[in-house]
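Here are some notes on the fold, for reading alongside the coordinates. Please go through them in order.

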Amino acid sequence: MTEQERASLPSLVDQVVMLETAQGEHLVVQVLFVFDEGETPDLFGIEVIPGAKGGWLRKSDAGHSILLDDIVRVMPVIAAPGESHQ
């Protein structure tokens with residue numbers, strides 16, 4: 001990811017983003033916490049899916065911890081399908 005993307009991660013807490021990982025995965029997650037210090041800086045988030053009536057639903061109660069070095073790209077997700085963009 002770019003330095004700008006990495007610097008913006010803390011401002012994305014509670015937001016839904018799509019992460020592209022070095023392993024080629026594309027994960028849509030709600031960012032819960034960003035730890036950008038120490039030997040293993042990481043992002044912790046909950047994977048979400050579009051809800052039937054708009055909005056986002058947690059895919060499970062289990063979260064993901066992803067090393068920042070494994071994140072290739074961070075893409076903001078504006079709204080879930082069926083949700084107003086206003």
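1. A cut-off comes first: a residue counts as exposed over 50% relative accessible area, and as buried under 20%. This is a predicted model. Pro76 has a relative accessible area of 58%, so Pro76 is exposed.

2. Pro76 lies in strand S5. Leaving aside neighbours within four places in sequence, Pro76 is in contact with Val16 and Val17. Leu12 is 64 residues from Pro76 in sequence, yet their C-alpha atoms are 8.5 Å apart.

3. Look next at one strand pair. S1 and S2 run antiparallel and share 5 bridges. Glu20 sits opposite His26 of S2.

4. The largest nonpolar core holds 13 residues. Leu9, Val17, Leu19, Leu43, Ile71 and Val74 have the most contacts inside it. S1 (16-21), S2 (26-35) and S5 (71-76) each supply at least two core residues. S2 gives the most, with 4. Nonpolar side chains tend to be buried together in soluble globular proteins.

5. Which residues does Leu43 touch, beyond its neighbours within four places in sequence? Leu43 is in contact with Leu9, Leu19, Val31, Phe33, Val34, His64, Ser65, Ile66, Leu68 and Ile71.

How values were computed:
Residues numbered from 1 in each chain as written. Predicted model: local features only at pLDDT ≥ 70, side-chain atom pairs only at ≥ 80, totals over all residues. Heavy atoms only, no water. Core = buried A, V, L, I, M, F, W, Y, C linked by side-chain atoms within 4.5 Å. Buried < 20%, exposed > 50% of the residue type's maximum accessible area, 1.4 Å probe, protein only. Contact = heavy atoms within 4.5 Å. Pairing = 2+ DSSP bridges.
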